[in-house]
Amino acid sequence: MSARDLTALGATARRRTLLAPPGARTISGALAFTLAAGVAAGSAAATLVAPPVAAAAPLPSAPGDVALAEDFDDVADGALPDGWNAVKGDWAVQDGELVGEPESLGRITFGPHLENYRLEATVRFDAVNNDRRWLAPILDIDPAGGVPWWQAAMRSATTAGNGIEIAQRTAADAWSVPYTAAAPSDAGVGTDVPIAIEVQGRDVTWVYDGQEVLEGRIDRSSGGVLGFAADGARVSIDDVVVTELAPKPVVNEPGELPVTAAHRGYSAVAPENTLAAYASAVKSGAEYVEIDVHTTADGLPVVIHDQTVDRTTDGSGDVATLDGDAVTGFDAGSWFSSAFTGELVPTFAQTLDLVDEGSSDMLLEIKGPETREEVHRVIDMITDAGLQDRVVVQSFDENALRHAYERAPEIPLGLLRSTLDADPVAKADELNLTYYNPSAAAVRTKPSVVDDLNEAGIGVFVWTVDSAGDWAEITDLGVEGMITNRPGAFIGWKSAQGQGEPAPGPGLLARLSQLDLSTGQAQQLFSALAHEDWDRLTRVVEKHVDDAEQRDALLAEIDELRG
């Protein structure tokens with residue numbers, strides 16, 4: 001069975017029913033896809049492997065295999081299972097459960113390094129200092145338990161707006177909380193709650209008491225393991241099961257909303273194709289940041305859309321005839337706003353650094369025509385940085401895609417189109433495409449092309465879509481990605497589509513982007529958030545947000561981020 005056949009099988013089996021009533025799901029979409037993939041690959045699903053160890057080396061396993069199962073029944077009181085490492089706080093088995101005593105950032109690590117997995121457990125708050133205290137499965141942490149790490153947290157007051165979180169404890173030992181949501185019921189104190197966290201690469205789904213409540217993206221390390229953390233609470237944990245999942249397929253499930261691709265960065269609030277626009281897009285929660293790359297006369301890949309520098313910089317001339325030092329010395333911010341004076345044309349290497357540091361992947365357009373050597377140089381930079389699994393290369397230029405494929409066939413490719421090919425599926429096969437990315441106008445000429453491509457295992461990103469009405473229309477076609485100049489607003493729009501279910505939190509930047517503010521007021525907000533200047537951000541919100549309920553909710557979230 002080919003990879004494309006497997007994707008199609010997974011797309012059928014892996015049904016995430018976003019609009020299903022609470023409690024309707026008994027098996028996750030990702031786990032259903034995993035079991036289908038495991039059968040297709042001939043794997044022995046649900047096979048128990050050797051006892052877990054704390055080492056970070058990947059274990060040989062297959063989708064559907066149980067990588068770890070621990071019910072603590074055979075562990076003596078006061079002890080820990082083999083391979084479980086209490087990093088901070090008092091953790092020990094009592095009466096067949098793992099118990100963590102109240103501690104500030106108490107944590108314990110366990111298990112192997114896994115790229116794709118489902119972690120299930122039954123958890124309980126036994127006592128809390130206050131209803132803001134939390135416990136969390138840790139999703140990726142150094143085996144020694146140090147920063148940074150990512151976790152999927154829940155408070156005892158789980159129905160609060162931030163009762164459910166996907167958060168990072170950063171390398172600076174501070175909190176970054178890009179994703180929040182409310183659970184359908186409070187965990188409270190003394191109640192067992194079944195939870196599950198599904199991690200497929202960098203994509204995370206939070207399942208609370210059988211219901212999906214939050215999705216987000218996290219950074220991954222090459223050797224991180226699992227764990228639990230708790231803060232200001234006595235917690236009990238039981239029936240821990242970790243199951244290997246298959247990678248997330250390219251094609252969305254029916255009802256699954258498109259991912260967000262920020263067009264030229266967050267180009268609605270910052271000058272396009274600058275580091276400021278890229279960083280703002282990451283902070284908005286966009287899954288992808290789309291940028292454009294040209295090569296200068298002396299062979300330096302730079303990030304700019306037009307063939308000439310005239311429109312978006314204070315310089316003049318064709319990128320292909322200018323040296324890299326000249327292009328990267330041009331001011332690329334002043335044309336947009338004086339607030340961005342001194343924002344320079346970035347090199348491609350600088351944006352790769354942001355990919356490596358952030359949670360968003362890159363949708364890279366190679367502007368044509370580029371020579372084979374120029375394309376190979378760009379591809380080599382991606383692979384040398386180890387980011388081939390975090391970049392999608394797209395182009396209108398078919399030769400650029402051919403050159404990219406011959407250099408690194410593992411990097412997914414997308415073909416940009418202003419008008420549809422006579423047979424898009426055949427074109428996708430010809431060019432070894434993972435994605436076929438038409439304009440909104442093009443896809444409207446034949447909406448069924450999305451189904452045709454999806455049935456062949458090809459994803460579709462549509463450009464450039466900036467209004468709520470157009471988002472609804474294009475989303476209904478079943479596309480995988482929405483390329484937009486307004487990523488924060490689109491994320492906010494998506495969060496409102498849950499039809500009564502708890503909606504995934506779009507992140508503070510996305511909520512701020514939906515405010516009815518002047519350009520100057522918006523720039524004040526985004527600048528304060530970008531610099532994590534919480535006092536300034538608080539003052540701006542207090543001054544410019546008139547709706548009391550909205551203002552109080554934003555201030556509460558800022559206080560939470562302030563820590």
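**Close-up views of a predicted model**

View 1. The model is predicted. Searching the whole structure turns up three cavities of 30 Å³ or more. Rolling a probe the size of a water molecule over the atoms shows where empty space is left. The second largest cavity is lined by E272, N273, T274, V303, I304, H305, T312, T313, A332, V345 and P346. By class, this lining has five nonpolar, five polar and one charged residue.

View 2. The strands run in the order 2-5-14-7-8-9-10, with antiparallel pairing. Strand 2 (85–88) and strand 10 (175–181) stand at the edges. Each has a single partner strand, so one side of each is left without a neighbour in the sheet. From one strand to the next, the twist averages 20°.

View 3. Strand 2 pairs with strand 5 (residues 106–110). The pairing is antiparallel and extends over three bridges. Look for K88, which stands opposite R107 in strand 5.

**View 4. The loop between strand 7 and strand 8.** Strand 7 covers 134–141 and strand 8 covers 149–155. P148 lies in the loop between them. The peptide bond from V147 to P148 is cis. Its omega is near -5°.

View 5. D173 is not a glycine, yet its phi is positive, at about 60°.

View 6. G368 and P369 are joined by a cis peptide bond. Omega is about -5° here. P369 sits in the loop between strand 19 (361–366) and helix 6 (372–384).

**View 7. Helix 15 beside helix 16.** Helix 15 spans residues 534–544 and helix 16 spans residues 548–562. Their axes come within 10 Å and cross at roughly 180°. The two helices are therefore roughly antiparallel to each other. Helix 15 makes the contact through W534, D535, L537, T538, V541 and E542. Helix 16 contributes R551, L554, L555, I558, L561 and R562. By class, the contact has seven nonpolar, one polar and four charged residues.

Conventions. Residues numbered from 1 in each chain as written. Predicted model: local features only at pLDDT ≥ 70, side-chain atom pairs only at ≥ 80, totals over all residues. Heavy atoms only, no water. Axes fitted to C-alpha atoms, helices over the stretch in contact; angles between N-to-C directions. Helix = DSSP H or I, 4+ residues; strand = E, 2+ residues; numbered from the N terminus. Parallel < 35°, antiparallel > 145°, perpendicular 65-115°, else oblique. Contact = heavy atoms within 4.5 Å. Nonpolar A, V, L, I, M, F, W, Y, C, P; charged D, E, K, R; others polar. 1 Å grid on protein atoms, 1.4 Å probe; cavity = no way out; pocket = protein on both sides within 12 Å on 5 of 7 lines; lining within 4 Å. Points joined across faces, edges and corners; volume = space filled by probe spheres on them. Pairing = 2+ DSSP bridges.
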